[in-house]
Amino acid sequence: MTMHNPQESHDPSCVGPSISVESLEGVYTLLGNNERVKEAVRVIEDTLDNHGLEHMAISFNGGKDCTVFLHILAAVLYRRRKLVDQQCPPATAASALPSTSYSSHHIIPRIKTVYVQCPSPFPQVESFVDDSIPRYNLDLRRISGSMKEALAEYMEIEKESRITAIMVGTRRGDPHGGKLDFVTPTDPGWPKFMRVHPIINWSYSDVWEFLRVLQVPYCELYDEGYTSLGSTYNTFRNPALRRRHFRLPNSCTPPVEDSPPTISLSVSTLSSTTDSDPGSRSPSPSKLDVSLPEKDADAPDEWEWLPAYELADGALERAGRTLVAGTITPAL
């Protein structure tokens, strides 16, 4: 196991991509007509009230799901800071946001964060994580190894903080999310803390609606046909998002797009540390039928990939986390 030296944790005063106040405030404008956002806000507020920001952390790996709950967490912290600045904070806000956690360069307090790195991560994911550090004022520790070992090491690093809760982006549709509640203790043999799942009931489409409506920055790989991110060894563009452009030779006619893929292949989805819920046992691989497009050898064409938010069937979200011998080349 390798780990970045704790002294390399990023300084919150570093200059980087700024967070949009309008986007943070937009989270609360959705409460009136979006039950999923209202639910996530309530879970996060309860966690801050029950544990305090100084005793909680988040698990962040640059994926779309943890980006959603991180943005909601930032919105809750920003709103509470506004109450503090107005000198009329509720007692819970005062206890959840100690003044020492603020930096003059940020509109939200520092957020303790653990990033459990998978083997051979995508450079684009690493860049997005780096950009998120100043954007959300993350006090981030990178740790490689298995989820269980990495969390044990992180808890040791933060032992003076007495971490009692870690927030994660697990959803009900994940391989191990079916029986989880909003707050669930870790399994026996794991480091002891409460796992908090603010978006456990969100669907794939809920995630993308939130990110796009509020214009929340996300990893660029999602615009290139990837729908679930892990290691370069087991993560591929989702075949359900592949489309063909037909081009007529010696013609200026614009390309015509054909319909979505139609050929079925049986593949096995893979679990990895990137998508694992901290403190839960790994499930058995599941089977999934995926459609791949058939190639017409007589028609000159080129393949393109739709962005992740164009995936119509959320059940195919992990279709790119597969190994199909002889048919898909790993995306490096």
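Which ring does the charged end of Arg79 sit over? It is the ring of Tyr28, and the distance to the ring centre is 4.1 Å. Before I go on: this is a predicted model.

Next, the loop. Asn34 lies between helix 1 and helix 2. Is Asn34 buried or exposed? Its relative accessible area is 19%, and the cut-off for buried is under 20%, so Asn34 counts as buried. Its side chain also has a partner. A polar atom of that side chain lies 3.1 Å from the backbone nitrogen of Arg36.

Now the strands. Take strand 2, residues 111-117. Seven of its seven residues are buried, so the rest of the structure largely encloses this strand. In a regular strand, side chains alternate between the two faces of the sheet. Here is how that looks in strand 2. Ile111, Thr113, Tyr115 and Gln117 point one way. Lys112, Val114 and Val116 point the other way. Both sets are buried, Lys112 included.

Who are the neighbours? Strand 1, residues 56-59, runs parallel to strand 2 and is joined to it by two bridges. In that pairing, Ser59 stands opposite Val114. Strand 3, residues 138-144, also pairs with strand 2 in the parallel sense, over seven bridges. There, Ile111 stands opposite Leu138. To get from strand 2 to strand 3, the chain passes through helix 5, residues 123-136. This β-α-β crossover is right-handed.

Last topic: aromatics. How many aromatic pairs does a search of the whole structure find? Seven. Take Trp202 and Phe210 as one of them. Their ring centres are 5.6 Å apart and their planes are at 70°, so this pair is edge-to-face. Both residues are buried. Ring pairs link Trp208, Tyr218, Tyr222 and Tyr309.

Strand 2 is buried along its seven residues, and it pairs with strand 1 and with strand 3.

Key:
Residues are numbered from 1 along each chain as its sequence is written. This is a predicted model: local features need pLDDT of at least 70, side-chain atom pairs count only at pLDDT 80 or more; totals for chains, interfaces and linings use all residues. Side-chain values use heavy atoms; hydrogens and water are left out. Buried means under 20% relative accessible area, exposed over 50%, partly exposed in between (1.4 Å probe, protein chains only). Helices (H or I, at least four residues) and strands (E, at least two) are DSSP runs, numbered from the N terminus. Two strands pair if DSSP finds at least two bridges between them. A crossover is right-handed if, with the strands pointing away from the viewer, the path from the first strand over the helix to the second runs clockwise. A polar contact is a pair of N or O atoms within 3.5 Å; within protein, one must be able to donate a hydrogen and the other to accept it, and residues adjacent in sequence count only if both atoms are side-chain atoms. Rings of Phe, Tyr and Trp (its six-membered ring) pair if their centres lie within 6.5 Å; planes under 30 degrees apart count as stacked, over 60 as edge-to-face and the rest as tilted. A charge sits over a ring if NZ of Lys or CZ of Arg is within 6 Å of the ring centre and within 35 degrees of the ring normal.
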